[in-house]
Amino acid sequence: MTRTRPPAAARPRAAAALLRLGALAYTAWVLELVVATGLDPVQAYVSELAAADQPLGGLFRATDLIAGLLVLAGAVTALLTLERRPWATAGWLALALFGAATAVDSRLPLSCAPTSDPACAARETAGLVPATHTAHALSSSCAMIGALAALVLLTFAARRYDRWPALGRLGPPLVLAELAATIWTLASVAAFTAGQGTWALGAGQRLQVLLVALYVVLLAGCVARSGRTGTAEPAVRPVPPVPPASPHPKPHPKPSPYPKSGEGDR
């Protein structure tokens with residue numbers, strides 16, 4: 001009997017579309033390549049683009065909010081739609097954390113840009129900036145923890161359960177590159193906090209968020225393919241195949257013309 005694709009097979013594709021759009025919004029910072037922001041991409045935090053005193057801050061806060069909500073919706077849709085396995089479930093929950101924390105992060109903008117404004121950096125060091133700076137650092141940390149955990153868990157799930165071959169093949173190098181970019185970013189933040197310069201903080205952080213976006217796009221492609229191949233539970237269970245008849249059927253024994261023993265005496 002032919003398998004019919006259930007309506008639920010469209011849900012993985014919906015999750016994939018949400019993830020793709022979220023990844024696109026998450027890379028809105030590339031607009032600084034064509035729009036003058038007044039910030040140095042090699043030195044400045046990505047979050048400084050959305051600072052309250054920046055001319056395009058409202059735009060970048062909006063794109064961060066949209067990115068977070070879309071990734072959150074995509075992760076929840078995938079969690080409710082795809083087959084639940086322990087490692088994959090943990091990965092989708094981590095990705096949902098990343099999306100939620102990114103959305104919250106957009107509502108807690110920096111008041112100024114410390115890497116480009118010495119007065120802002122001095123106020124931050126002295127603790128004279130609004131509490132949103134501390135809250136922003138906390139939400140950003142949660143977002144990156146969620147992203148790193150999602151990358152590791154979903155890659156492990158792809159290899160452990162032998163699903164999503166592209167993710168199983170390309171996920172490990174992306175995870176390693178993300179870990180390297182994260183170490184670079186953390187070291188740069190520590191150097192800047194200690195007054196030792198930025199150590200190309202902006203470049204490291206932009207590489208960090210770009211790799212997360214690339215991973216989400218790769219993940220979305222794998223989820224979309226699972227929807228096209230109908231990996232959801234089939235609406236009609238396939239009928240077990242009937243074994244083929246033997247090409248050389250066994251001949252029926254011919255009846256004997258002689259009576260069985262004892263029959264002739266009756």
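Are Glu32 and Arg206 buried or exposed? In this predicted model, for which local features require pLDDT of at least 70 and side-chain atom pairs count only at pLDDT 80 or more, while totals for chains, interfaces and linings use all residues, Glu32 is buried and Arg206 is buried as well, where buried denotes under 20% relative accessible area, exposed over 50%, and partly exposed the range in between (1.4 Å probe, protein chains only). Residues are numbered from 1 along each chain as its sequence is written, and side-chain values rest on heavy atoms, with hydrogens and water left out.

The chain comprises seven helices and zero strands, assigned as DSSP runs numbered from the N terminus (helices: H or I, at least four residues; strands: E, at least two). Of its 266 residues, 42% count as buried. Among contacts (heavy atoms within 4.5 Å) between residues at least 6 apart in sequence, 75% join residues at least 24 apart.

Two salt bridges are counted, each defined as a side-chain nitrogen of Lys or Arg within 4 Å of a carboxyl oxygen of Asp or Glu. One joins Glu32 to Arg206, with the closest N and O atoms 2.6 Å apart; because Glu32 lies in the loop between α1 (10-26) and α2 (57-81) and Arg206 in helix α7 (residues 201-228), this pair ties together parts that are 174 residues apart in sequence. The other joins Glu83 to Arg85, with a closest N and O separation of 3.2 Å, and Arg85 counts as partly exposed, at 28% relative accessibility.
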